[in-house]
Amino acid sequence: MDLSHIEHIGIAVKSIDDAKKYYEDILGLKCYAVEEVKDQMVKTAFFKIGQTKIELLEATSPESPVAKFIDKRGEGIHHIAFAVENTDAALAEVEQKGIKTIDKKARKGAEGLNIGFLHPKFTFGVLTEFCSR
Ligand code: CMX
C-alpha cells in the first residue's frame, strides 16, 4: 500500500453556510472552494490545514449518502480519505486482501480527484476513501 498522507477528512453537516462560520470565524481557516459533486449528491466546501483538507459535506438530495448518514447518526465525521498513487490499484489491492470495496473502479470526486470508497463494515466502522490525482 502506498498511502502518503491524509488527503482530507469528510464531515457531514446539515448546512455548509452554518458550519462554515465555525471553521472561518472561530478556527480562522479559509474556505477556498465550494463545489457540487452531482454524482455523490453533495455540495462540498474545502479548508486546508497543511497537506490535509477538511471537506464539509451537505446533502443535495434526501437520497444522498450524507442525508442518510445525518438521519441515522447526526452531523459529524463521515469519512477519512487517504492519498494514494493510483486509486484503481489501491482498491484492487485491498479487495484482493479481503476488504469489501464500495467502488470497484475510481470515479471522479471533488477537485477532479479519482476517488473510491471501502465499506465501513470492513474497516472497523470508518468509511474510508482513497484518492489520487
Ligand atoms: N461511516 C461509518 N459507517 C457508516 C457510514 C459512514 N459514513 N455510512 C453508513 N454507515 C453504516 C451505517 O450506520 C450502517 O450500519 P448498521 O448496519 O450498523 O446500522 C451501515 O453502514 C449500512 O448503512 P446504511 O445506512 O444502510 O446505508 P447504505 O447501505 O445505503 O450506505 C454506504 C452506506 C457507506 C455503503 C454508502 O453511504 C456509500 O456508498 N458511501 C460512499 C459514497 C459516499 O459516502 N459519498 C458521499 C461523500 C462524497 C465525497 O466525499 O465527495
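**Entry 1: the whole chain.** I began with burial, and 43% of the 133 residues of the protein count as buried. A reminder to myself before going on: this is a predicted model. Next I looked up the secondary structure and found three helices and eight strands. Reading along the sequence, I wrote down the pattern β-α-β-β-β-α-β-α-β-β-β.

**Entry 2: overall dimensions.** I wanted to know how the radius of gyration fits the chain length. For 133 residues a compact globule would come out near 14 Å, and the protein has 14 Å, so the two agree. Along the principal axes, I noted a C-alpha trace spanning about 45 × 30 × 25 Å.

**Entry 3: contacts and surface.** I then took the contacts with a sequence separation of 6 or more, and residues 24 or more positions apart account for 53% of them. For the accessible surface I have about 7,500 Å². Carbon and sulfur atoms contribute 55% of that surface.

**Entry 4: charges.** I looked up the charges next: 19 positive and 21 negative. Their mean positions are 3 Å apart. A search of the whole structure for salt bridges gave me seven.

**Entry 5: Lys 53 and its partners.** Which residue forms a salt bridge with Glu 7? I found Lys 53 there, with the closest N and O atoms 2.6 Å apart. The pair links distant parts of the chain, since Lys 53 is in strand S4 (residues 52-59) and Glu 7 in strand S1 (residues 5-12), 46 residues apart. Are these two side chains buried or exposed? Lys 53 has 7% relative accessibility, and anything under 20% is buried, so Lys 53 counts as buried. Glu 7 has 6%, so Glu 7 counts as buried by the 20% limit too.

I also found Glu 111 meeting Lys 53 in a salt bridge, at 2.7 Å from N to O. Glu 111 lies in the loop between strand S6 (107-108) and strand S7 (114-118) while Lys 53 is in strand S4, so this pair ties together parts that are 58 residues apart in sequence. Glu 111 itself counts as partly exposed, with 25% relative accessibility.

Entry 6: Glu 95 and Lys 104 are another pair I wrote down, their side chains meeting in a salt bridge of 2.6 Å, N to O. Here Glu 95 is partly exposed at 34% relative accessible area, and Lys 104 is exposed at 51%. Looking for salt bridges that share partners, I found that they join Glu 7, Lys 53 and Glu 111 into one network.

**Entry 7: Ile 77.** I stopped at Ile 77, which is found in strand S5 (residues 76-83). Is Ile 77 buried or exposed? Its relative accessibility is 62%, and the cut-off for exposed is over 50%, so Ile 77 counts as exposed. Leaving out residues up to four places away in sequence, I see Ile 77 touching Ile 9, Gly 10, Ile 11 and Phe 69. I also checked Ala 12, which is 65 residues from Ile 77 along the chain, and their C-alpha atoms are separated by 6.2 Å.

**Entry 8: positive phi.** Most residues other than glycine have a negative phi. With that in mind I noted Met 41, which is not a glycine and has a positive phi near 55°. Met 41 is found in the loop between strand S2 (31-37) and strand S3 (42-49), and at 27% relative accessibility Met 41 counts as partly exposed.

Where does Phe 124 lie? I located Phe 124 in the loop between S7 and strand S8 (128-132). Its phi is also positive, about 55°, although Phe 124 is not a glycine. Phe 124 is exposed, with a relative accessible area of 84%.

**Entry 9: Ile 99.** My last stop was Ile 99, in the loop between helix H3 (87-96) and S6. The relative accessible area of Ile 99 is 25%, which makes it partly exposed. What does Ile 99 touch, not counting residues up to four places away in sequence? I listed Val 94, Leu 118, Phe 122 and Thr 123. Leu 57 is 42 residues from Ile 99 in sequence, and I found the two C-alpha atoms 25 Å apart in space.

Technical notes: Residues are numbered from 1 along each chain as its sequence is written. This is a predicted model: local features need pLDDT of at least 70, side-chain atom pairs count only at pLDDT 80 or more; totals for chains, interfaces and linings use all residues. Side-chain values use heavy atoms; hydrogens and water are left out. Helices (H or I, at least four residues) and strands (E, at least two) are DSSP runs, numbered from the N terminus. The radius of gyration is taken over C-alpha atoms; the globule rule is 2.2 Å times the number of residues to the power 0.38. Buried means under 20% relative accessible area, exposed over 50%, partly exposed in between (1.4 Å probe, protein chains only). Contact means heavy atoms within 4.5 Å. Accessible areas come from the Shrake-Rupley method with a 1.4 Å probe; for residues, only the protein chains shown count as cover. Lys and Arg count as positive and Asp and Glu as negative; His and the chain ends are not counted. The place of a charge is taken as NZ of Lys, CZ of Arg, CG of Asp or CD of Glu. A salt bridge is a side-chain nitrogen of Lys or Arg within 4 Å of a carboxyl oxygen of Asp or Glu.
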